[in-house]
Every structure is written in structure tokens, then in C-alpha cells.
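Before reading on, take a moment to look over the sequence and turn the model in your viewer. The paragraphs below are meant to be read with both at hand.

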Amino acid sequence: MAAPLLLAPAMVALLIFVVMPLLWVARTSFNQGVDGAYMVSALTMDNYVRFLGSSWYLVNTLWFSIRVAIVATAISVVLGYPVALYIAQTRGLQKSILMTMVLAPLLIGLVTLVYGWIVIFRGGGLLNSLMIAIGVYDEPVRYMWDLKGVIILLVYIGMPYIVLSLLDSIERINPSFVEAARNVGANRWRAFWSITFPLTLPGLYAGLVIVFTLNFSAFAVPLMVGANDTQMIGLVIYREALLNNDLPFASSLSVIMILANATILTGMAFLFGRLILNRLEAKR
């Protein structure tokens, strides 16, 4: 009896602040937008047909958002693995300093963080000055109001989640496993793919779920750094709801975004489940 009572406040908060707003959004998506009016109550699929029946929306909004999320998430994983492996080998003060550096993006407000990167991205900013000084390129490269800047910022924000998720799995691995692989002739790369990578799949999956979801639904980063015509789905929802005053269409986009994200994550869960299951069967 004590357990349900302890869960009651959380369940009530979940119902009020998550379930009910989602139900309101879903219901609003079937309403009809009217010029010169807020909206009228209806039960129509026109908003969904308008989006799903348009190849332009499907390619330039939905697929574009998925593609950006995949690229940013993949880069976060590639950069996050070495960082997590290195941190796992450190101890004491060094590990504390490295963990603080990894967590730094999460300790700063998102808007403040983006404004800091705007200073770095601008034409004569730190990034361009550094790249020109070391000879990477001869003239400033455009990062502001460009997709390159959006992806760099999404990677920067997503990396802490990848590193922390992987770090938990890496620290659970018995070091003798890797040592045994090295003793029988495996190099570092082979030991990583044969031992470390399979055993860190649960942590990798947890990080991918968080980072892909954040990237797919990103709003503030493409709004502040991307071009005016950036068609990330979160930004399109914002424009339709607040700029075009078309709340029913914005609500239908929100439902589509949630369903698309859930579908991708379900496929990801199936893929990782098969990988982990195949690994267990191989051990038998």
C-alpha cells in the first residue's frame, strides 16, 4: 500500500503535465484552421493529409529532420566513444576534471550556450580565426545561418549524453576480458570490436535514444543558428503555431513528429535487441 501512495504524486504530475497536454494536442490536430479565426472544432483529417500527402513536406521537413538527426547522432557517437574510453581509464582528480568538462554543456542554459557559440561561429570569430591560423582554409567559412553550425551545436549538446551512457557500460566491463584478448594476439582495434563494443551496446542504445530524440525535435538551435528557411520539423511547428496562427496544422505536425520518432526508436530497439541476442547466442 505504501508504494502506490509514494508513486501517486509523480503519477498525478505525469497526468497533468504530460498526458493531458498530449491528448489536447492530438484532439486539436483534428480541428480546422480558419482565416481570421483561432480555429473551429471539427473532426477532419485535412491537416494530416496536407502534410503526408505533400512530397515537399515529406522530403524537405520530415526526411530532412531525420537526416540531420542521424548525422549529428552518428558524429556524437564517433567522437564520444574515444572520450568515454579514455575517461574510464582515469582516476581521481583527472577523472573529476574530465567529467566536469563533459558535463559543462548541461550546466549552462541552452540559450546562453547557443549565444556563446554564435560568438565562436561568426566570420571573425574564434573558430574561423583558428582554422585560418593553422592553414585549414584561407578565408572565413560560414557557420552562422548554415546547416554546418546547426550540426556542430547538436553534436556538442548531444555528446555528454553519449559519453555518460557509454561510460557506465565501459566501467562495468571486466578489464581482464580485454587483457585476455590482447594476450592471444588481438590488437587494440580487434579487442575493441570483439570485447568492448558488444558489451557497451546497452549503453550505446540508451545514449542513442536520448540524443536522436533531442536532435530530431531540435528547435532552439536551428532557430538561432540555422538559416531562415531551415525546415527542421520542430521549427516548422513553431512557425505554424505562432507565426501563421495555424494551431491545428501545428498540432498534426507534433503528432506526426512523435509517431515518427517512436517508430524509429522502435526499429532501433529491435536492431539492438537482435545484436545483443545474437551476441548471447554466439557465446553459447
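Residues are numbered from 1 along each chain as its sequence is written, and side-chain values use heavy atoms, with hydrogens and water left out.

How confident is the predictor in the protein? The answer is given as pLDDT, the predictor's confidence in each residue on a scale from 0 to 100; its mean for the protein is 88, and 96% of the residues reach 70 or more. Confidence is highest in helix H3 (residues 55–88), with a mean of 95, and lowest in helix H8 (residues 175–183), with a mean of 81. Where pLDDT is low, the predicted coordinates should not be read in detail.

The protein has 13 helices and zero strands, where helices (H or I, at least four residues) and strands (E, at least two) are DSSP runs numbered from the N terminus. Taken along the principal axes, the box filled by the C-alpha atoms is roughly 75 × 65 × 40 Å. Of the contacts with a separation of 6 or more, 65% join residues 24 or more positions apart, a contact being heavy atoms within 4.5 Å.

Of the 284 residues in the protein, 39% are buried; buried means under 20% relative accessible area, exposed means over 50%, and partly exposed lies in between (1.4 Å probe, protein chains only). The largest nonpolar core has 66 residues, such a core being a set of buried Ala, Val, Leu, Ile, Met, Phe, Trp, Tyr and Cys residues joined through side-chain atoms within 4.5 Å. Phe 121, Leu 204, Phe 216 and Val 225 have the most contacts inside this core. If neighbours within four places in sequence are left aside, the contacts of Phe 121 include Tyr 143, Ile 152 and Val 225.

Leu 204 also takes part in the contact between two helices, made by Phe 197, Pro 198 and Leu 199 of H9 and by Leu 201, Pro 202 and Leu 204 of H10. The axes of helix H9 (residues 188–199) and helix H10 (residues 201–216) come within 4 Å and cross at roughly 55 degrees. Axes are lines fitted to C-alpha atoms, for helices over the stretch in contact, and angles run from 0 to 180 degrees between N-to-C directions. H9 and H10 are therefore oblique to each other, because angles under 35 degrees count as roughly parallel, over 145 as roughly antiparallel, 65 to 115 as roughly perpendicular and the rest as oblique.

Most residues other than glycine have a negative phi. Trp 145, although not a glycine, has a positive phi of about 60 degrees, and its place is in the loop between helix H6 (126–133) and helix H7 (147–170). Asn 245, also not a glycine, has a positive phi of about 55 degrees and is found in the loop between helix H12 (233–243) and H13. Trp 145 is partly exposed at 44% relative accessible area, and Asn 245 is partly exposed at 42%.

Methods: This is a predicted model: local features need pLDDT of at least 70, side-chain atom pairs count only at pLDDT 80 or more; totals for chains, interfaces and linings use all residues.
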